[in-house]
Each structure stands twice: as C-alpha cells, then as structure tokens.
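Visitor: Could you walk me through how two chains meet, and what the labels rest on?

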2 protein chains.
Amino acid sequence: MTSALIVAAGKGTRMGPERDKLFLELAGRPLVAHTWRIFDESPDINEIVLVVRDGMQTVFGDLARQFAFRKEFRLASGGPERQDSVWNGLAALSPTAEIVAIQDGARPCASMELVRATIEAAREIGAAVAAQRVADTLKESDGTHTITRTIDRSRLWSVQTPQTFRVEIIRRALAAVRAQGLHVTDDTAACELIGQPVRLVEGLTPNPKATSPADLPYLESLLRQRPGT
Amino acid sequence: MTSALIVAAGKGTRMGPERDKLFLELAGRPLVAHTWRIFDESPDINEIVLVVRDGMQTVFGDLARQFAFRKEFRLASGGPERQDSVWNGLAALSPTAEIVAIQDGARPCASMELVRATIEAAREIGAAVAAQRVADTLKESDGTHTITRTIDRSRLWSVQTPQTFRVEIIRRALAAVRAQGLHVTDDTAACELIGQPVRLVEGLTPNPKATSPADLPYLESLLRQRPGT
C-alpha cells in the first residue's frame, strides 16, 4: 500500500496576519484542495493522511465533501514543528503502508508523473525527493551584505515535495532526529542523518510552494493551466 | 552621468528553435520593451545603451518609436559571450558616464526603486547587485542523482540584475577577465577576481528572468500588476 501524507498544519506567517495560506482561493478552490486533489486522483496512491491543526478537522471534512474527493483519508494532529507533524502523520498511516509520499499542503502543482517517479525511486533505494537543478547564480555573503564568493552550482539542487520513502526508513530516520533533539526542515535531511541514500527526482514542470503573497499570481497561472481545474 | 546597459544580444536556446525570447509578447508588448521601459522612465538614468545582435538594429529602432521611448539610447553589437556583449556595451557609453546599471534584457520586472538602490550602493562602494536570499532547501549531489549533503543556505543569495558599477571598476574587472582568458557568467564575478567588494542589494519584489516557456505565465502575471502596463 502506498500512502500520501499531506502536511497541512502550518499557518504560514509570511502571508500576513490572520490569513491561513492553505485556504486562499486560487483558480476556483482553496490552495490545499488543489494539493489534495493530486493525490485523490493519482492511481499510485491508496490512502491519504492529512496533518492539520487542532480545530481544523471539520473544515477539512467539509472540503472533502465540497470537492467530492473519493479516496479514503484520515486526519492527524499537527505538532509544534514540521517534523513533529510528519511524525504524527506517520503514526496515522495504515499498518500495511509500505511507501509514503510526504507533500507540503501549500505546494499544489506537483504532477502525478512526479509523484509516481518519486514512489518508484523510493521503492528502489528507500528515499527520494522531487528536485530541480539550481538555475540562479548564487553568491555567499560575509553574513552582512557583501559578497565573499560565487557558489559552484553545478551539483546543487533545490528540493521540493513529494519527499517519498519506505515507511520504515522515514520512521527510523525521524526517530533518530528526535532522539538527538535535532531540528530538520525537510525529511530527506533526516535520512542523511542515518546514512540512508536519497535519490533526486528531477521535476520538469514548476512546483512552487506558496510562501508569500507575491507567489499567488504565479500559482494561480500555473493552476489555471492544469486540465480540469 | 548614470547609464543603463541592457544586454539584449542573446537568443536563448531554452525557448525552443527559432523563437527569440526577447520578442515574445507579454502583457501587450515584447518582453525587451518592458525591460527598456524601466530605464526609459527611471529618473536616475541619463542614457541607455542596448547591446543587440547584428541585424537587429532596425528592430530596436522600431521598438523605440512604437513605444515612444523618450530617453537617448545607443546600440552596440553583441559578442559571442555575455561578457563580450557587456564589454562592447561599455565601449559605447558616453565618455561622461560614471555609473552603469547592467540589466538582462529578458528580466523585465526590476523596480525603479531597486535600480536606484543599486546605483546608490555602487556610488558608495563601487559595485552592487540586485539579489534575493535563497529560500529553497538546497542539496548537493554526488554528480549523479544522489544527495551528498544539505547546503547551509543562511548566507546564500541568488543574484539578478541590475548589476551596477562605477564604470572604471567594471571596465578594469572585465579587462582582467579577458586578459586571463576566463569566462564569467555575471559581472560581479569579474569584480571578485580583482578584489572589488560587491554589495548585495535585497530586492523585495519578484525579479525573474525569462529562460524557458514555463516562466512566461508568471512574467505575464507580474507585468500585468505593474502600473501603466
């Protein structure tokens, strides 16, 4: 069984006060409903776990009805940090789940092909992440605003989601993170900690995350290009 | 005197065959005309030099008439590499030019405030570049598709244009590059070569460059938000 774990517990602070970015309307539906739809429609996904903030359970149930999502889903409770939310979500997976694709709730443009490619890579080597080669020219600063050097970007990738794992591997990796009292900002960093190789799966279409209001017109334009939106 | 140097000599290969990205229509005018307009309207810019491919001189003259650009401009010839085009453009500046703001022709969303901020920083320390902090999680690969480590992005910036300099400094820096037979992909890298400090000027609004067809809807949405477009 292959599960999707959608992390939808953050409120996001860069959108301004009192705005929950996951519920911003884009191309006719709330942002997080676009993300959910990818996995509801993906033939590679058997169940969906959404990690949400306490108090939001009803809202997500309403979303499922409003958009007629058909796949089985469960809700888990968000924790103080992303890694805690993922931990809680993993605990809510079906006992027969072998592979889990972890997705940022605010990243609504991942293609089903990309989801599938990360699942295949995770089956093969245990861990995989959607990624794109760094195209920008990068500079390192001295900690203020003066350049110290140009970074060689030839081996650099920016990583996104899905981040997809054999379930027992990501459980073991996050347990190690927690045991050591560390903080990781993405799930593959936990794998690095236990020496688990992670495959970079190159995404060929834009797969941005909503982080600030400036991102919204771009996301809107991408979502409007998707079939059936 | 402060000059703008717009590098508009590349054809861009990632847009597909036979498409000159600079002349793609976005928000009612060709891409490069949006870029040109920033400097035509900026109160901080006294003259404009456009570096163009041979054979394109008439087209750029027509653009100036069509969009009623009012500021004095000159055309210079593109070279085989970006650094050669910049070199040729510098040779075409007015002899009284003290500061030059070098802009990618395919980067049409730089704000006039950002142009001004780079000019002020270049006056102060000699060289400045529009930049944004890296927000993506970055990984280094082993050269294939396996992650070797997470990159500490806390001191990383992606650099854009304008890249703005005291004219004598960028001339000296590029002369050093040419004398050593080096290739640089951006003008601040030439400054690093001669030990010239470069100030990172943080841009607060998106300032992307058109590189592939996937970028066009985003650029269109940004340009449509600009006043007077």
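Predicted model: local features only at pLDDT ≥ 70, side-chain atom pairs only at ≥ 80, totals over all residues.

Visitor: How many residues of chain B are in contact with chain A?

Guide: 39 residues of chain B touch 39 residues of chain A, where contact means heavy atoms within 4.5 Å. K139(B), H145(B) and I147(B) supply 19% of the area that chain B buries against chain A, more than any other three residues. Buried area is the accessible area (1.4 Å probe) that two parts lose on being put together, summed over both. Here that comes to about 3,200 Å², 58% of it from carbon and sulfur atoms.

Visitor: Why is the meeting of K139(A) and E192(B) called a salt bridge?

Guide: The rule wants a side-chain nitrogen of Lys or Arg within 4 Å of a carboxyl oxygen of Asp or Glu. K139(A) and E192(B) sit at 2.7 Å, N to O, so the pair qualifies. Across the interface of chain B and chain A, the rule finds four salt bridges.

Visitor: What makes β10 of chain A and β8(B) a strand pair?

Guide: Strands here are DSSP runs (E, at least two residues), numbered from the N terminus. Two of them pair if DSSP finds at least two bridges between them. β10 of chain A (residues 156–166) and β8(B) have four bridges, in the antiparallel sense, so they count as paired. In β8(B), K139(B) is the bridge partner of W157(A).

Definitions and conventions
Residues numbered from 1 in each chain as written. Chains lettered and ligands numbered in written order. Heavy atoms only, no water.
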